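Please have the sequence and the model at hand while reading.

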Amino acid sequence: MSLALLIIAIILLFLLRVPMAFAILGPSVVYFLVEGYTTHLAIRLVMQGIDSWPLLAVPLFILVGIVATRTEIADRLYDAAVLFLGPLRAGLAYVNIAVSLGFSWMSGASLADAAGLGAIEVNHMRKKGYPAEFSVGLSASSALISPIMPPSIPAVVFASVAAVSTGALFAAAVIPAFLMTFALVVLVWIWARRRPDLVGEPYNRSAVRRAAVRALPPMGAPVIILGGILGGFFTPTEAAGVGALYMLLLALSYRTLKPRDIAMIFRDTAVITAQIMLIIGASALLSWILAREQVPQRVAESLVGLTENPFIFLLIVNVMLIFLGMLLEPTSALIIVTPILLPVAITFGVDPLQLGSIIIFNLMIGLMTPPMGGVVFVLSSVTEIPLERVFKGAAIYLPAMIIVLLLITYVPALTLWLPQLIGL
Amino acid sequence: MARHDGPPADGADSANHGQADEIEALEEELHALKTEGPPAEPPLLPSRGPMRTVFRVLGVLEQVLGSLLLVLILVLVLAQVAIRYLPGSAAWTGELARLSMVWATFLMAGYLVAYPPHHIAIQVIDYIAKGRWLAGVKLFVDVVILATCLVLIHGSFTLVTTAVDQVTPAGELSMRFVNAIPLVALVLVAARAVLGIVVRDIPAFRGSGGNPA
């Protein structure tokens, strides 16, 4: 069975709404049957793709994110941000960004941010007179801070596939995530200058102080998780476990969690884990096929033949990844492209940590572009704003994302300085 | 949105009440914003009869087992942290946590098919195809899932029947048991695909209704 046929079949199945995992598994098992490989090798490769200690961080970070959104924890963050930033002109837009930034230190997935906070942020903004496209587009863009800022689930997956330190990759992503936040703030500031009608409400200093105190305990989670990893106290998986325990205890201490809520939190964590892990298992099978067909070597030869200039190489990589991100779910794309691009990038002198940040950033942009646009689909569902309007809204923020992407692509210090500084 | 018209508070009781009311009002508003959202889709179940009960119980079992495995993963990872400070080795905790993730993934796969739309999929076709065409696409999707599961079931069955004396390196769990869980889970996914074809896709394709999920 030719490789081209395999890829075409996968893309066709994607477009025909076959679940991502089965769209990859289906043609891959046909390849196995046609090429005479045993079916038990196929299932073993799928299981091996999931059976990984670093990947155990994924369900635990999902758990942290779900506990944060389902309990008073997210509300406390939101309260504090509204009272603190609300008085600014277009304050709710800054609140949207600030809450996503705060949430990103606890959650590593954009979909969790979009699903958990999207409805609150967008409905609140619309009720206060903000345009629907602007509001939902901002939520889509700010939701992308979560998978870039550590703890990041895509970073865990990349580190696992590329065999680099997850802690170092987390450190490498801090500056790009802050740059992205800054870009969104600048965009909102420029937009707000033309909207004097969106005046904030006056400050109530004591209410702000009280809300800030209430938001302090939730901010202990990022201190435990990031401090634990970057300080060398825990592995990322252990930090995720300790962070999840802290969040559960915190939620229980607020006495708002009923036993049924706890059961639902674990059930929903299991559902999202299965969604992601099935795709990871399927992609591991496809990666094996690509390795057997010597795709990494062929791509390397083609790229080296095309250019010897690292600047152009990175430009090609970005264009290719943006296109891939538009078509593929980020986790599967990460597992498929990382083994292909990593050896070539190293020959061009690109550091694996920088490459990881570039790949993750590109694929996350794909979450707000058609046709895949996972964040857009989630936001359209939770806000009931038609899909095309959400895509239109997200497009407002795309140029800012591209500028940040180009910065992290061509200024290696933005990703490499911090890991080097803390000796990772 | 909270009103900011209360008196400035600097320790006075009335001021404290004002702050509490303000934050309470904000939380009420947030709750109202949170609860707005689209209605959930119905699960994929036979319309009536004992098979409905069987599939409903299976769905509950999958959810309970998936959730318990997640709890187990959390406990084992925390145990790994604690054990580091104790003498001796407990490599089995990491191994069991990893296997639990494999089992939870496969066990929840059937749930993802039965309680749509949990699987991650591009649903652009829904905006293009309507009526019978869309029903045909959904029938095709379930056939792809079923065919893929059948091949993987064959592979899992071979693993279970050949790995008779093998055990895992650290915990010495029987590999038959380790591989049997994905086998059972894949059979449940295939059963859901058959259910989808019979109770939803074929009736919808013929234009006689069917479960819309």
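**Aromatic rings and their partners**

In this predicted model, B:Arg132 lies over the face of B:Phe205, at 4.6 Å from the ring centre. In chain A, the charged end of A:Arg76 sits over the ring of A:Tyr254, 3.8 Å from the centre of that ring. Over all chains, the structure holds 13 aromatic pairs, and two of them are set out below.

**The pair A:Phe32 and A:Trp288**

- The ring centres of A:Phe32 and A:Trp288 are 5.2 Å apart and their planes stand at 40°, so this pair is classed as tilted.
- Because A:Phe32 lies in helix H2 (residues 20-35) of chain A and A:Trp288 in helix H15 (residues 259-292) of chain A, the pair ties together parts that are 256 residues apart in sequence.
- A:Phe32 is buried, with a relative accessible area of 1%, whereas A:Trp288 counts as partly exposed at 26% relative accessibility.
- Ring pairs also link A:Phe32 and A:Trp288 with A:Tyr31 and A:Tyr37 into a cluster.

**The pair A:Phe134 and A:Trp191**

- With ring centres 3.6 Å apart and planes at 10°, A:Phe134 and A:Trp191 form a stacked pair, because planes under 30 degrees apart count as stacked.
- A:Phe134 belongs to helix H8 (residues 132-143) of chain A and A:Trp191 to helix H11 (residues 166-192) of chain A, so the pair ties together parts that are 57 residues apart in sequence.
- A:Phe134 counts as buried at 3% relative accessibility, and A:Trp191 counts as buried at 14%.

Note on methods:
Residues numbered from 1 in each chain as written. Chains lettered and ligands numbered in written order. Predicted model: local features only at pLDDT ≥ 70, side-chain atom pairs only at ≥ 80, totals over all residues. Heavy atoms only, no water. Phe/Tyr/Trp six-rings, centres within 6.5 Å; stacked < 30°, edge-to-face > 60°. Helix = DSSP H or I, 4+ residues; strand = E, 2+ residues; numbered from the N terminus. Buried < 20%, exposed > 50% of the residue type's maximum accessible area, 1.4 Å probe, protein only. Lys NZ or Arg CZ within 6 Å of the ring centre and 35° of its normal.
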